[in-house]
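Take a look at the model first, and then we can go through it together.

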Amino acid sequence: MIVKILENYMELSKIAASMVAGEIKRDDKLVLGLATGSTPEGMYAELIRKFKAGEVDFTDVTTFNLDEYASLAPDHPQSYHFFMNKHLFDHINIKPENINIPDGCSSDLDHECYEYDLRIEEAGGIGLQILGIGTNGHIGFNEPAEMLCVHTHLVDLSAETIKVNSRFFESFDQVPRKAVTMGMGTIMHAEKIVLLASGKSKAAAIRQTVSGGLTTAFPASLLQLHKNVTVLLDREAASLI
Ligand code: F6R
C-alpha cells in the first residue's frame, strides 16, 4: 500500500483527479470503477474542470459504479444514479451506453447482480477502482460480517451505515435498508485501487485499514492483500497513523 498524506481535502481531490486523468491518458479505453458519497465530490468537480480545460477526454472510457440502493429509482434525488449524473456524468463527454450502475429497482435483483459482474468481465475487468471508506470499514457496501461475498450481491446495510447515511435523507425511516454492491472479489480484481478518505471521522478506520489485522469484521483491511493500492488522505484522516 502506498499512503499519501495531503495538506487538505482540496489537495486530495486534485491529486485523485490527476491520477484518474493520468490513467485515462495512459489508456483511453480505461474501465473506471467509481464511488459515490461525500468524499469523491471534490475529485469529480476537479475532473469536470479538467474536462472543460481539455485536459481529459472520456469518449472511450467505461465506468462501473460500486453500488446503488435497492428500491430507489434512478431519478430519486438520493439514488446513486442521480448523484453520478449531478456530480459527473452530466458535465463530461462520456457515452451514456458506457455508464454502468447497478439497477436497484430490478424485479430480479439476483439476475441483475449476476449480469453486472458479467458486464465487468466482458469489459475486461476494472482498470482503476476509486473507493471511499465507511467508518465501520465498509468498502462499496461490503459491510463487516463473518463472511464476505465475492461477487455483486444484495446486502443488508448495517445499523451504522443507515445512521451515517441518514444525513442525506429527510428522515431516518426513508434511508433504504438494502443495497446492491460489488463484492470483495470484484473490487480486489481491479488492477489498481485508489482509496480516498478525508476528515477526523475516518481516522480510526484508516488506521485499521493500513495497519490492522486482516478481518472480515473490517472489510477494508483486506486491501492490504492487493498489490496496487494508493491511499490518499488529508491530514485529519491520517491523524492516527
Ligand atoms: C459509495 C460507497 C461507500 C462510501 C462510504 C464513504 O459508493 O461505496 O463505501 O464510499 O460509505 O462515504 P462518504 O464518502 O460519504 O463518507
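Two strands pair if DSSP finds at least two bridges between them; strands (E, at least two residues) and helices (H or I, at least four) are DSSP runs, numbered from the N terminus. This is a predicted model, in which local features need pLDDT of at least 70, side-chain atom pairs count only at pLDDT 80 or more, and totals for chains, interfaces and linings use all residues. Residues are numbered from 1 along each chain as its sequence is written, and side-chain values use heavy atoms, with hydrogens and water left out.

Q: Which residue of β10 is the bridge partner of L195?
A: Strands β9 (residues 192-197) and β10 (residues 229-234) run parallel and are joined by five bridges. Within β10, L195 is partnered by V231.

Q: Which strands stand at the edges of the sheet?
A: The open sheet has seven strands in the order β1-β10-β9-β6-β2-β3-β5, with parallel pairing. Each edge strand has a single partner, so one side of it is left without a neighbour in the sheet; these strands are β1 (2-6) and β5 (99-100).

Q: Is S71 buried or exposed?
A: S71 sits in the loop between β4 (67-69) and α3 (80-87), and its phi is near 80 degrees, a positive value in a residue other than glycine. Most residues other than glycine have a negative phi. Buried means under 20% relative accessible area, exposed over 50% and partly exposed in between (1.4 Å probe, protein chains only). At 57% relative accessibility, S71 is therefore exposed.
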